[in-house]
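Open the model in your viewer and keep the selection tool ready. Each stop tells you what to pick and what is there.

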Amino acid sequence: MLGQIIHKPSLLGALFALTVSPSLWAQGNELAQSVKQAMPALSSLYLELHQHPELSYHEQQSSARIAAEFDALGMSVTRDFGGHGVVGIYRNGKGPTVMIRADTDALPIVEETGKAYASKVTTLDAQGNQVGVMHACGHDVHMTNLVGTAQQLIKAKDKWQGTLMLVAQPAEEVGGGAKAMLKQGLFSQFPLPDHILGLHVSASVPAGKVAIAPGYALANVDSVDISVKGRGGHGAYPHTTVDPVVLAARIVLALQTIVSREVSPLAPNVITVGSIHGGSKHNIIGNEVKLQLTLRSYDPKVREQQIAAIKRLTQGIASSAGLDETEWPDVYVHQEESIPSTYNDPNQTALVKASIAKQLGDDNVWEASPVMAGEDFGLYGLTPEKRPITLFWLGAVPADDYAASQVSGAILPSLHSSKFAPDYPVSLEAGVQAMSRAAIDLFNH
């Protein structure tokens, strides 16, 4: 996940809202006071999760910790579902089923926040490299928020009826967790949700506020490998070769015309070449160059158009250089890592936004624009059952840092940065209130 664009108040308005608007914990309502009382225990849980991060597909301790919290609340708990996933069910009479999802995995990053509670965990990655491990995408906040919301909803069970379904999902960072849980039967072995909610911390929204976008919120994401073939030889005699470095350079430039000249300018999309490797020595023309791409879009038809155009262009360039069909570039789409765009159901999202605004105040709910980052949360809305989903952004930036950046123009640490350090007490207090209130109102809708 990356930083996102937010339609926020003007600079003076934003700074004014940060300093004089009624704070979310001083509104005197019952839920706000209840969440405030729970904060010491939730802060302790957050610090525990932050200091014990685990990479994708290795979330054993994290899932066990969440399962233990669900057990303590009297929920029916299923462990190791779709990998190290956890599903908690709490039945509270007749009514709709509301599913709330949080992701649990961390990233291979050495933390450089300088915080006393910074992660010091290291491990071996899939390639056997020693790496640091850090919750640089805020999944520690997400897990803690899930537990805090469960506590509040069960405590306030006299205010709603239905079935609460909590999902702690692994492997979001590699696009595999939601697929695995759905494949194992998340919507057949458990109650079929009527509403699905999620949140994600934001590195560009101040703590204590949320931002929400109806419709497309996050993008389709595809990873694509291109192996550009050639006919190698001596660098002094290029006329006897077909140079794959030159072909790769032509391909890199040609790929940009897909975005600028083939896809409608009204259909946002991105094609980025993130990696290029080829050759071994100054005076050797090699046989192959490898490219790695990331593709982003919203519309599934645009995604298909991107992939088809990449195959056509690479083949055409190879053919123009005199290569036959057996020597055309190999274009490999990592389908196992592909994730669809996240489409926030407009009707449900309007209800969620109104609920959060009632709880936190209108000034604390901003409108977000769609981003080209990806999230496998979107998969839950694309099953044959077509369940409505809503994901909102939870502000995480310390208020002073946000205000200073608005004045100076300084860029704040983004998600996936080794220096990303959310203001977790304020974020959690707002997040638990927002998610709890939204769930209660959906139960009662």
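**Stop 1: a charged pair**

Select Arg-65: at 24% relative accessibility, Arg-65 counts as partly exposed. Here buried means under 20% relative accessible area, exposed means over 50%, and partly exposed is in between (1.4 Å probe, protein chains only). This is a predicted model, in which local features need pLDDT of at least 70, side-chain atom pairs count only at pLDDT 80 or more, and totals for chains, interfaces and linings use all residues. Residues are numbered from 1 along each chain as its sequence is written, and side-chain values use heavy atoms, leaving out hydrogens and water.

Arg-65 forms a salt bridge with Glu-48, and their closest N and O atoms are 2.8 Å apart. Arg-65 sits in helix 3 (residues 60-72) and Glu-48 in helix 2, 17 residues apart. A salt bridge is a side-chain nitrogen of Lys or Arg within 4 Å of a carboxyl oxygen of Asp or Glu. Helices (H or I, at least four residues) and strands (E, at least two) are DSSP runs, numbered from the N terminus. Glu-48 is partly exposed, at 33% relative accessibility.

**Stop 2: helix 2 and helix 4**

Show residues 30-51 and 139-155. These are helix 2 and helix 4, packed at an angle of about 145 degrees with axes 9 Å apart. Axes are lines fitted to C-alpha atoms, for helices over the stretch in contact; angles run from 0 to 180 degrees between N-to-C directions.

**Stop 3: helix 7 and helix 8**

Move to residues 244-262 and 300-320. Helix 7 and helix 8 pack at about 140 degrees, their axes 10 Å apart. Then pick Glu-262 and Arg-312: a salt bridge joins them, with the closest N and O atoms 2.6 Å apart. Glu-262 lies in helix 7 and Arg-312 in helix 8, so the pair ties together parts 50 residues apart in sequence.

**Stop 4: Asp-105**

Where is Asp-105 found? Look in the loop between strand 4 (97-103) and strand 5 (122-124). Asp-105 is buried yet has no salt bridge; Arg-101, the nearest side chain of opposite charge, is 7.1 Å away. Lys and Arg count as positive, Asp and Glu as negative; His and the chain ends are not counted.

**Last stop: a network**

Select Arg-101, Asp-103, Glu-375 and Asp-376. A network of salt bridges links these residues.
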